[in-house]
Amino acid sequence: MVQEKPTGEVAALPLDDIIVEIKGMTFTRGSRKIFDDISLKIPRGKVTAIMGPSGTGKTTLLKLIGGQLRPDAGQILLEGQNIPTLNRRDLFIVREKMGMLFQSGALFTDMNVFDNVAFPIRVHTSIPEEMIRDIVLMKLHAVGLRGAVALMPSELSGGMARRVALARAISLDPDIVMYDEPFTGQDPIAMGVLVNLIKRLNQALGHTSIIVSHDIQETLSIADYIYVLSNGKVIAEGTPDVLKTQDSEQVRQFVDGLPDGPVPFHYPAPELMDELMAGGVFKC
Amino acid sequence: MRIRTVEISVGLFMLVGFAALIVLALNVSGLNLTPRAGGYTLYANFENIGGLTPRARVSMSGVQIGEVRAIRLDPQLLVAEVEMNIFADVDFISTDSSAMILTSGLLGQQYIGIIPGGDLDVLGDGDFIFNTQSALVLEDLVGKFLMNQVSE
Amino acid sequence: MLIDKIQRLGHRTLSRCAAFGRSGQILVQSIVARPAPLMMLPLLVKQIYFVGVLSLVIIVVSGAFIGMVLGLQGYTILVDYGSEQAVGQMVALSLLRELAPVVTALLFAGRAGSALTAEIGLMKATEQLASLEMIGVDPYRRIIAPRLYAGFICMPLLSMIFAVVGIWGAALVAVDWLGIHSGAYWANMQQAVDFRGDVINGLIKAVVFGFVVTWIAVYQGYDCVPTSEGISQATTRTVVYASLAVLGFDFVLTALMFGDF
């Protein structure tokens, strides 16, 4: 069942301790194969990044790990439990061990910052309110937003909203924190703050971080291990240093940000000259 | 504090809604929650009751004194038998009173009007009013009118 | 060409069926399979506020105007037959049996239904629903169920308020302006209106409409394409489908309640 990676040199995993393992997983949406028989392992307590051009289904991968989507084939093992076979009830229990930072932050717009961070605690535990207050303030302090406790989500900037969402994601001290495009659309300062925060929280709390991103420099700077996806396959994997020296064309184009390469600049079209010479009126 | 205004307004809303139901019940449909206790039953036979329905008013000189309980066809006499419930405090309907089916306005509801007689004996529970006058049926009137025209 | 059209028709039919199935799934997931725990009460109160209290103004204003129009029209028609006292009965019956539930439901679809769709759609677009799921909270239970219940509760209340305001508005026109005797207005009405037959049947209609409108609104929001365009389309669909469903159901219910078959 376990398949060897199709391309690239196989680098040794930094640790043998695996928390999430995906085995021969295939997922199709409509007629398009998002994942084609991929396998990957995510080590415990490390920052693992999953990278790739837009549209390669990186966010989908997180949703698959979180059990929001079910694959067509293959296994997704979280500490030995196969996520796709769990029923709704067990899934909700498993999810208590996961925290997820969504691309938009996904704060509940009808609650203030405090209630947003307190929400998972209130739902899953019966901790008294005074203690919830302390926990929430500690989590907010960790992301540097203790002063924003009474604000509504609409009053926060994008970067702040993402940090509050991060505080919410770690409020129950999950084993795994998944970050969906944490750096997209942030100004350089907010980006730096987030990079720093993800690294620091990972070290301080000892959870496993899975980052999905296409921001190369930021991701390379904090990830312990990286998988590069393209066209439903893992095209490369390894530590950041290994990846920087990869000579596969696809990886080079992605890592160096070249405009043209295996991923073409032009959307498939007939030759420009042919089309111009054909004349006629543009029909839609 | 904001949540309290929400709660209060929701409470008020629910109260207004239920008040509306009560208004509809009592004021609009005339639902009588405390029907006058007791009362007694009178019967009357009519050759034709027209459009009389159960729960129609029974009145004397325009004052309501009861309501129609049920309407049946008497199998022997082959006329309509109307069962009326008369309020208990109206215990002075003399035995020679007459009952007639009237219409309130041209298109209004039909009701029973009781015209008191002069006898000293009064009707009791289960008695019949013998002196009755049927409902006016428009077709009959028109028919009679035409016959008169022809005979002239 | 023809094959293509048939193929598309078949495809559309199938996707309609699937949509209907999904809407049923939402209903079952959020209420039938999971009876609401008491914890839901604060959420319910909040939703009743949004769905009911905020619809109150439009309901009261339109109720008053529709009642006044009915009073005026009824008077001008009935005065030709010399039975203008029957205006109370006409207004009350038309309001209780038809206009109050139907017009309230249409306004409700426009005011509360579209707001529900937009709100849930926005929650989907901003990943709040997915985020709830990841936190381990069932969005059906947390988001959908309170809104459905609020719709069931609010519609009959709003409909009754509409009827009362309408009857009062008609009284204002008929009695105070046109000079019908107020005793005749109310007495004729009380004579003609039956509590079971008219008030309760109207109430049943309102409950059914509330159910249908909220269900459609919630489904459209939950199933929309999570973009701003998708949300606006879903909102439009809510109003259109809900209005059509209300009118269709109204005929069926009227036939069942007042028809003789």
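Predicted model: local features only at pLDDT ≥ 70, side-chain atom pairs only at ≥ 80, totals over all residues.
Visitor: Which residues of chain C lose the most area to chain A?

Guide: On the chain C side they are Glu127(C), Met134(C) and Ile135(C), which together account for 37% of what that side buries.

Visitor: How is the size of an interface often given?

Guide: Often as the accessible area lost when the parts come together. The contact can also be described by residues: here 23 residues come from chain A and 17 residues from chain C.

Visitor: How many salt bridges are counted between chain C and chain A?

Guide: The count is 2. In one of them Lys46(C) pairs with Asp110(A), with the closest N and O atoms 3.7 Å apart. The cut-off for a salt bridge is 4 Å, so this pair qualifies. Polar contacts across the interface of chain C and chain A come to 6 residue pairs.

Visitor: Which helices of chain C each supply at least two residues of the side that touches chain A?

Guide: Helix 5 (128–135) and helix 6 (139–177) of chain C do. Helix 5 gives the largest share, 7 residues. By class, the chain C side has 6 nonpolar, 5 polar and 6 charged residues.

Visitor: What does the lining of the largest cavity consist of?

Guide: The largest cavity holds about 130 Å³ of space. Its lining has 15 residues, and those nearest the centre are Met98(A), Gly99(A), Arg168(A), Ala169(A) and Ile135(C). Ile135(C) was named above among the residues of chain C that lose the most area to chain A. Strand 6 (98–101) and helix 5 (158–169) of chain A, with helix 5 of chain C, each supply at least two lining residues. The classes are 9 nonpolar, 3 polar and 3 charged.

Visitor: How many cavities of 30 Å³ or more does the structure hold?

Guide: There are 3. The second largest cavity has about 50 Å³ of space. Its lining includes Leu24(B), Leu96(C) and Met160(C). Helix 4, helix 6 and helix 8 of chain C each give two or more residues to that lining, which divides into 8 nonpolar, 2 polar and no charged residues.

Visitor: Which residues lie nearest the centre of the second largest pocket?

Guide: Lys63(A), Gln68(A), Leu69(A), Lys124(C) and Ala130(C), out of 35 lining residues. The elements giving two or more residues to this lining include helix 1 (58–65) of chain A and helix 5 of chain C. The second largest pocket holds about 1000 Å³ of space, and its lining has 11 nonpolar, 11 polar and 13 charged residues.

Note on methods:
Residues numbered from 1 in each chain as written. Chains lettered and ligands numbered in written order. Heavy atoms only, no water. Contact = heavy atoms within 4.5 Å. Buried area = accessible area lost by both parts, 1.4 Å probe. Salt bridge = Lys/Arg side-chain N within 4 Å of Asp/Glu carboxyl O. Polar contact = N/O pair within 3.5 Å; in protein donor to acceptor, adjacent residues only side chain to side chain. Helix = DSSP H or I, 4+ residues; strand = E, 2+ residues; numbered from the N terminus. Nonpolar A, V, L, I, M, F, W, Y, C, P; charged D, E, K, R; others polar. 1 Å grid on protein atoms, 1.4 Å probe; cavity = no way out; pocket = protein on both sides within 12 Å on 5 of 7 lines; lining within 4 Å. Points joined across faces, edges and corners; volume = space filled by probe spheres on them.
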